[in-house]
Amino acid sequence: MEVFDQILQTGFFAALIRVATPLACATIGEMFSERAGVLNLGIEGIMLLGAMSGFTVAYFSGSLWLGMAAAAASGIVFAALMGLLTVTLGLSQHVSGLGVTMLCSGISFYCYRLIFGQPSQPPNVQPFESVALPGLAAIPFLGPVLFNHVVLVYLVFALVPLAAWLLYRTPWGLALRTVGENPQAAASAGVPVAWMRYQALMISGALFGIGGAYFSLAQFNAFTFGVISGRGWVCIALVVLGRWDPWRCALAALLFGAVDALQLRLQSSGAIDLPYQLFLMLPFLLTVVAMAMLSRNARAPASLLVPYRREER
Amino acid sequence: MVTTRKPFFTLRALTALLAVVAAFGLGSGKANADTLKVAAVFETPIEEPWVNQIHVALLQAKKELGIEYTWAESVKSADFARVMREYAEGGNKLVMGDAFGAERIARRVAKDYPDVAFTFGSGIGPAEPNFAVFDNWIHEPAYLAGMIAGKLTKSNTVGAVAAMTIPEVNRLCNAFCAGAKEVNNKVKCKFSFIGSFFDPPKAKEAALAQIEQGVDVIYAERFGVIEAAAERNIVAIGNMSDQSELSPEHVVTSVVWDMWPTVKQVVSLVKAGVFSSQDFGQFSFMGKGGSFLAPYHAWDKKLSPEIKKMVDERKSAILDGTFRVDIDESAPKSE
């Protein structure tokens, strides 16, 4: 059957990893901030800002890594703004997050126009190139699927266990989780609740920025409008599907990537005669269905969305 | 304790700001009384290739026809009527733009300003008394590009990555495929749709999927495809503007839409006071110079003389009116 023909190709697996990488990066970022009790809806805008600032710095400095650093830095700045609004001032996390997204989107397009003017063809950079890991890339099937990607993909591979270790095996991770579950208890144990939330937010901002810059510096070679196209919102759903756990979040991103890569292949294979809208819908449909089946009993961090005010119960 | 906070924006500061804005406004509005004022309303940022072709032609009109040109971009449907009205009431005698997402709004507003000429990109017809339309009728060069693709493909598989199945897109894809099949009856055509007008990373991923399925000549109806072709070293065909510079090695030619003949015609009619609501679509056909196949650039040496001769002959036949490229607006299907 055609579906299996497509799934059995190495190209499909390589594509699903390409698609899943930036989503996994941003999803883990969002997981950190939600684990500390802050829903960071600034994700979509911060990813766009990361794509813009990363591209701009890479374009003028000639260094893609400097661009990545700039993307992470700009993400941290606006995540800190999110912290100011939701942690320090205790405002609605939904409203603040949407505000940060709108602000960042506006800033991105405005700065881009200011810096680059109105080019007919968007300026571009030489993007990250695939690096075949010596030895590993020669393994049949697994080599081309896993070990022939841009370096960022490997870094995100490494990020997943690192995030799990930080969250579950370090005192810092314990403090972070406690802040998201029961900030009063954390505070009475001497954990600086606000500072922990700021840290979690800034980690999320950095990862959003990097995830966004992946699109303008690795997946594509330019910043354009539409470069993020709602992928940040997808990550919000993936965190729920991933039940606020780094490994499951990464799996959720891989699932989304797999269905997205598959639907593109089914569309052009011509074997299944369905309207193309149905194919495009598949990854979203499957995410929702999987969420309904697997995450129905998942429990969000108890203090998610609840601002912490000292001496208030 | 009661403190009186100073408001951030004092009334005086606000008045001063308004005065400055007014001064600038008056300064720049000091146009010659007979200069034709033209405005454009775009739904997307002007980087969007479709809209960019209109914008570029209007900039050319500013230079060559001496019009005064202002424009607004990223105007969503909710603001569309307001911006159109502002321009119509601001002394513009011609308002252009793309109306696809705001067809009804644009038509309703136009009725209120019978002295202003409205000319919008649209998938439907003109409306009396003052709403004219145009569209990207560039299926003819798409057919020629298809002929080149049919000759160049070694795997007998050509592809197109496009936005969505709307008539404007369908007729280009179908013409491309028909051209390829005319010169090579073994050719199979593949089509992918990304569901939006601008999502380069997705378009690139769709193109990579096609390339893995054997496509070796790809029509980049959307932005992002040429980058995939360059990465996998296959042949690409640009769309809307001459996109050779994106990857001269891989872009054999581009299907170009030139809005200049349309803009020139509309501006002349308005200047002469004889504008009427009509379909300016013909001004985007090859015969009027509104569309053409871009130069081969780096591929000029690589393309065989017979392919070039074949394209030239067919081009003359189209220009002479002896060959008509079929307009097929049905949704294309992958083979």
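This briefing describes chain B of a predicted model, together with the contacts between chain B and chain A. Chain B has 335 residues, of which 49% count as buried. Its secondary structure comes to 10 helices and 11 strands, and the chain is divided into two parts, domain 1 and domain 2.

**Overall layout of chain B**

- Taken along the principal axes, the C-alpha atoms of chain B fill a box of roughly 80 × 60 × 35 Å.
- Among contacts in chain B with a separation of 6 or more, 66% are between residues 24 or more positions apart.
- Domain 1 of chain B consists of residues 35-134 + 259-288, and domain 2 of chain B consists of residues 139-257 + 304-319.
- The centres of the two domains of chain B, taken over C-alpha atoms, are separated by 29 Å.
- Where the domains meet, 11 residues of domain 1 of chain B are in contact with 13 residues of domain 2 of chain B.
- On the domain 1 side of that contact in chain B, five residues are nonpolar, five are polar and one is charged.

**The five-stranded sheet**

- Five strands of chain B form an open sheet in the order S2-S1-S3-S4-S5, with parallel pairing.
- Strand S2 (68-72) and strand S5 (131-134) of chain B each have a single partner strand, so these edge strands are each left with one side that has no neighbour in the sheet.
- From one strand to the next, the twist of this sheet averages 20°.
- Strand S1 (residues 37-41) of chain B pairs with S2(B) in the parallel sense over five bridges.
- Within S2(B), B:Trp71 is the bridge partner of B:Ala40.
- Helix H3 (residues 77-89) of chain B packs on this sheet and touches S1, S2 and strand S3 (94-98) of chain B. The direction of H3 in chain B makes about 175° with that of S1(B).

**The six-stranded sheet**

- A second open sheet in chain B has six strands in the order S7-S6-S8-S9-S10-S11, with mixed pairing.
- The edges of this sheet are S7 and strand S11 (291-293) of chain B, each with a single partner strand, so one side of each has no neighbour in the sheet.
- The twist here averages 15° from one strand to the next.
- S9(B) pairs with S10(B) in the parallel sense over five bridges, and B:Asn239 stands opposite B:Val255 in S10(B).
- S8(B) and S9(B) also run parallel, joined by three bridges, and B:Tyr219 has B:Ile237 in S9(B) as its bridge partner.
- Six of the six residues of S9(B) are buried, so S9(B) is largely enclosed by the rest of the structure.

- S8(B), H8(B) and S9(B) together make a right-handed β-α-β unit.
- The buried residues in helix H8 (residues 225-232) of chain B include B:Val225, B:Ile226, B:Glu227, B:Ala228 and B:Ala229.
- After H8(B) comes B:Asn233, which has a positive phi near 55°.

**B:Asp199**

- B:Asp199 lies in the loop between strand S7 (188-193) and helix H7 (200-212) of chain B.
- Not counting residues up to four places away in sequence, B:Asp199 touches A:Gly226, A:Ser229 and B:Ile194.
- B:Ala163 is 36 residues from B:Asp199 in sequence, and the two are 9.1 Å apart in space, C-alpha to C-alpha.

**The contact between chain A and chain B**

- In total, 28 residues of chain A are in contact with 35 residues of chain B.
- Four helices of chain A each supply at least two residues of the side that touches chain B: H2 (10-35), H10 (193-219), H12 (246-269) and H13 (276-294).
- H12(A) gives the most to this side of chain A, with five residues.
- The residues on this side of chain A divide into 11 nonpolar, 15 polar and two charged.

Methods:
Residues are numbered from 1 along each chain as its sequence is written. Chains are lettered from A and ligands numbered from 1 in the order in which they are written. This is a predicted model: local features need pLDDT of at least 70, side-chain atom pairs count only at pLDDT 80 or more; totals for chains, interfaces and linings use all residues. Two residues are in contact if their C-beta atoms, placed from the backbone, lie within 7 Å. Ala, Val, Leu, Ile, Met, Phe, Trp, Tyr, Cys and Pro count as nonpolar, Asp, Glu, Lys and Arg as charged, and the others, Gly among them, as polar. Two strands pair if DSSP finds at least two bridges between them. Axes are lines fitted to C-alpha atoms, for helices over the stretch in contact, and angles run from 0 to 180 degrees between N-to-C directions. Domain bounds come from an automatic or database domain assignment. A residue is buried if 20 or more other C-beta atoms lie within 10 Å of its own, exposed if 12 or fewer, and partly exposed in between; C-beta atoms are placed from the backbone. A crossover is right-handed if, with the strands pointing away from the viewer, the path from the first strand over the helix to the second runs clockwise.
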